Amino acid sequence: MSTDEPAGALRLRDFPKLVQLRREAKERERLLREPDLTYLFWESTLRCNLRCAHCGSSCEARSPLRELDTKEILATLDTIAEDFDTSRMFVSITGGEPLMRKDLFEVVAHMTRLGMRSCIVTNGVLLDARNAARLYDAGMRTVTVSIDGLEGTHEAVRGKGSYRAALAALGHARAAGLTTIEAVTCVRPANLGELPEIERAVRDAGAELWRVITIDRMGRGGLGGQESSDLWLAPPQIRTLFDFVETRRAELERERSPLDVRFSCGGFLGVRRERTVRPESGQCFAGSAIASILCDGQVGACPSIPREWAAQGSVREQRFSTIWRERFETYRDLEWRKSGPCEGCSWFDTCLGGGLHERLVQPEEFCWLDRQGG
Ligand SMILES: C[S@@+](CC[C@H](N)C(=O)[O-])C[C@H]1O[C@@H](n2cnc3c(N)ncnc32)[C@H](O)[C@@H]1O
Ligand code: SF4
Ligand code: SF4
């Protein structure tokens, strides 16, 4: 249901939620003091078979970097297994397009042997029945396919022929026996009005989880690429998106539907919207529970954090766990986040200064209260 209340308004009935949100912020503060790695990204490559208009990594057919080869990534994973509890570790394999790597199945099988659970985020074009079965055989059980609209709006950013392959990929993953089949949609003005139909399309194609996100101003999705209004949602459009997700989550829960729809960008949305558009907190755990191995061996937190900021050291020169233990100082420091728009903000104790990558890539536009129009 729509509301004209400001995003930062606090109603009496939201106080229990506020208490819970504060508790979660405290837990994040504890993790900043005592980091505990449980989520790892592997940016497997910057090569891609598509050239999406909004691509935050500006991927193309060739990689601009010297990427880790099979031996290097397997050896890095071995050291991680020696130094961390892999039974609590989930690895999200992203890119570029992970299926561009011929050794993907071998690396996934190695992760499985080491006790790590893994997933790929893929454009789906190469996820045919054979590759889905190979992922299953390698031990993968979760896959995320990007679906950026109905056919016309998806292909307007992802290119001709990409839509049917992406929808089919969801079905191939399900048929192969993977158990968590997820679709993710970058919402922009052109596909905002299509959300109910996109939901039907991804559900009918086999997805049981549909995540909607917004586009960060980075790479080709940055201001230098497109007209900003093509990719960026204005405050009334953000409110429309939240209204849609909030309503659908409530309806699906009432219907006991197996489909889960959620907004999944990080950052504090205001007490009213928290828990209504996603079940989990929007706290950002970059550098406290989350790390990434970038394609050239640099270690950062999440692959969306600009490379020059992210890079804490290279697995080509140091053990991963040494970098994790001894670096990441700025990630784990809250003081600098009290600056800029967050200086003096009464929500700081609940929000802790927003999501890190949003803050770094769009320093004037990362606060979700502002993005909803205040
Ligand atoms: C970089 S892609 C890599 C995986 C794969 N090639 C794909 O497109 O799914 C990972 C996810 O980030 C999303 N993405 C790309 N550019 C983005 C941007 N500028 N802001 C937010 N998400 C973006 C993609 O739509 C995709 O869901
Ligand atoms: S968003 Fe994914 S599919 Fe599109 S160009 Fe970037 S890496 Fe490739
Ligand atoms: S100004 Fe900063 S601390 Fe306040 S709500 Fe926005 S992002 Fe959070």
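At what angle do helix H2 and helix H3 pack, and how far apart are their axes? The angle is about 10°, with the axes 10 Å apart. This is a predicted model, where local features need pLDDT of at least 70, side-chain atom pairs count only at pLDDT 80 or more, and totals for chains, interfaces and linings use all residues. Residues are numbered from 1 along each chain as its sequence is written, while chains are lettered from A and ligands numbered from 1 in the order in which they are written.

**The helix pair**
- H2 covers residues 70-83 and H3 covers residues 104-113; helices are DSSP runs (H or I, at least four residues) and strands are too (E, at least two), numbered from the N terminus.
- Their angle makes H2 roughly parallel to H3 (angles under 35 degrees count as roughly parallel).
- On the H2 side, Thr 70, Ile 73, Leu 74 and Leu 77 meet Glu 106, Val 107, His 110 and Met 111 of H3; contact here means C-beta atoms, placed from the backbone, within 7 Å.

**Around the ligands**
- Ligand 1 is surrounded by 20 residues, with Gly 56, Val 121, Ser 146, Asp 216 and Gly 221 the closest (a residue counts if its C-beta atom, placed from the backbone, lies within 6 Å).
- Strands E3 (117-122) and E5 (180-187) are the elements giving two or more residues to that shell.
- Around ligand 2 you'll find, among others, Cys 48, Cys 52, Cys 55 and Cys 59.
- The residues around ligand 3 include Cys 342, Cys 345, Cys 351 and Cys 367, plus Trp 347.

Note on methods: Axes fitted to C-alpha atoms, helices over the stretch in contact; angles between N-to-C directions. Parallel < 35°, antiparallel > 145°, perpendicular 65-115°, else oblique. Contact = placed C-beta atoms within 7 Å.
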